[in-house]
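Visitor: Please show me the structure, and then let us discuss it point by point.

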Amino acid sequence: YYNSKRYLDYTFDLWITIIWIKMTLEEVVGCNITDTKMDTVSQALEELLVAAQRQDCLTVGVYESAKLMNVDPDCAVLCVLATDEEDQDDIALQIHFTLLQAFCCDNDINILRVSGLRRLAQVLGEPTVDNSEPRDFHCILVTNPQCQPLKCQALKDVGNYCEESRCKNQWIPYLSLQER
């Protein structure tokens, strides 16, 4: 009896150790995969915005984007809604975002929430002229004209990320852009 009890105790301790190692490994590896995925998608978004700007397929500004989507919703392929912490209390902006999100959902336009307005300004080459009013980067619309469609891997990567997020019931995916 003593030997079998000792064997069971040893086996139990071994199983607990194996489970603990497995769970710890999954946590560590899982975090790295998620972080790597976010970095990849962030980089793809930046590449997409630069390519769209170069091909004149970018609309910047909440009002400008809403106006364009109202006229031709079929041309929009991605709506980027950007805020930083100081914008969280802006009720008017949040109402605009809610309306834009509803319109995008009704018209099958991918939506992506982003933090990092300064990084967006850097990526899109916002001039730092003191006298000029800064552009409104709270909403950026990527369009895809029918005559010359925007084709790039970055658009596919961001679109796949949005689709994967919807499959996980995260209807409006979120990215945090890091300043470089």
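The questions and answers below concern this structure.

Guide: This is a predicted model, in which local features need pLDDT of at least 70, side-chain atom pairs count only at pLDDT 80 or more, and totals for chains, interfaces and linings use all residues. Residues are numbered from 1 along each chain as its sequence is written, and side-chain values use heavy atoms, with hydrogens and water left out.

Visitor: Which pattern does the protein chain follow along the sequence?
Guide: Helices (H or I, at least four residues) and strands (E, at least two) are DSSP runs, numbered from the N terminus. The protein chain has five helices and five strands. Read along the sequence, the pattern is α-β-α-β-α-β-α-β-α-β.

Visitor: Is Glu46 buried or exposed?
Guide: Glu46 forms a salt bridge with Arg119 (2.8 Å, N to O); the term requires a side-chain nitrogen of Lys or Arg within 4 Å of a carboxyl oxygen of Asp or Glu. The pair joins helix 4 (residues 117-123) to helix 1 (residues 2-54), 73 residues apart. Buried means under 20% relative accessible area, exposed over 50%, and partly exposed in between (1.4 Å probe, protein chains only). Because its relative accessible area is 7%, Glu46 is buried.

Visitor: How is helix 2 oriented relative to helix 3, roughly parallel or oblique?
Guide: Helix 2 (residues 62-71) and helix 3 pack at about 25 degrees, with axes 11 Å apart; axes are lines fitted to C-alpha atoms, for helices over the stretch in contact, and angles run from 0 to 180 degrees between N-to-C directions. Angles under 35 degrees count as roughly parallel, over 145 as roughly antiparallel, 65 to 115 as roughly perpendicular and the rest as oblique. Therefore helix 2 is, relative to helix 3, roughly parallel.
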